[in-house]
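Grab a pencil and try each exercise before you read its solution. Keep the sequence and the picture open while you work.

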Amino acid sequence: MRAVAVAAGVSAGAAWLLVFGLLADTLTGYAWWTLAAGAAAWLAAVVFARHGDRGVAAGLAVSVALGWSIAATAVAVRWASAGDWPLW
């Protein structure tokens, strides 16, 4: 794997999650958009790993994992502070 390919995957994944995250106007929407965008990016990573560049696939996977972690942290903080599960 080349570092340039991994960096390209991370950058593409971050941009992908950012665009979809900006579609939401609430935390609930942000969490669901991030989950859906991450699932699509993981499918793209599987295709890249199977038929393309494994470095890009690894970068995408890292980026999605970080994006999902940020969304999960935001949901957990909201849940802890408000006492109400924000995703329903």
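**Exercise 1.** Which helix gives the largest share of the nonpolar patch?

Solution. A quick word on what you're looking at: this is a predicted model, where local features need pLDDT of at least 70 and side-chain atom pairs count only at pLDDT 80 or more, while totals for chains, interfaces and linings use all residues. Residues are numbered from 1 along each chain as its sequence is written, and side-chain values use heavy atoms, with hydrogens and water left out.

- Step 1: list the members. W32, L35, W42, W68 and W88 make a nonpolar surface patch of about 600 Å². (Patch residues have over 30% relative accessible area and no salt bridge; nonpolar side chains, meaning Val, Leu, Ile, Met, Phe, Trp and Tyr, are joined within 5 Å, and like charges within 9 Å. The areas come from the Shrake-Rupley method with a 1.4 Å probe, and for residues only the protein chains shown count as cover.)
- Step 2: find the helix. Helix α2, residues 27-51, brings three residues, the largest share. (Helices are DSSP runs of H or I with at least four residues, strands are E runs of at least two, and both are numbered from the N terminus.)
- Step 3: (Buried is under 20%, exposed over 50%, partly exposed in between, with a 1.4 Å probe and protein chains only.)

**Exercise 2.** Describe how the helices are arranged.

Solution. 

- Step 1: count. You get three helices and zero strands, in the order α-α-α along the sequence.
- Step 2: take α2 and α3. Their axes come within 9 Å and cross at roughly 165°, so α2 is roughly antiparallel to α3. (Axes are lines fitted to C-alpha atoms, for helices over the stretch in contact, and angles run from 0 to 180 degrees between N-to-C directions. Under 35 degrees is roughly parallel, over 145 roughly antiparallel, 65 to 115 roughly perpendicular, and the rest oblique.)
- Step 3: take α1, residues 3-21, and α3. Here the axes are 6 Å apart and the angle is about 40°, which means α1 is oblique to α3.
- Step 4: α2 and α3 cross in a left-handed way, while the crossing of α1 and α3 is right-handed. (Left-handed: the near helix is turned anticlockwise from the far one by less than a right angle; right-handed: clockwise.)

**Exercise 3.** Is G59 buried or exposed?

Solution. 

- Step 1: locate G59. You'll find G59 in helix α3.
- Step 2: check the area. G59 has a relative accessible area of 0%, so G59 is buried.
- Step 3: look across the chain. G59 and A5 are 54 residues apart along the chain, yet their C-alpha atoms are separated by 7.5 Å.
- Step 4: A82 is partly exposed because its relative accessibility is 49%.

**Exercise 4.** Which residue forms a salt bridge with R2?

Solution. 

- Step 1: recall the idea. Side chains of opposite charge can pair when their charged atoms come close.
- Step 2: apply the rule, a side-chain nitrogen of Lys or Arg within 4 Å of a carboxyl oxygen of Asp or Glu. The count is one salt bridge.
- Step 3: name the partner. D53 pairs with R2, and the closest N and O atoms are 3.4 Å apart. The two are 51 residues apart, with D53 in the loop between α2 and α3 and R2 in the segment before α1.
- Step 4: D53 is partly exposed at 26%, and R2 is exposed at 56%.
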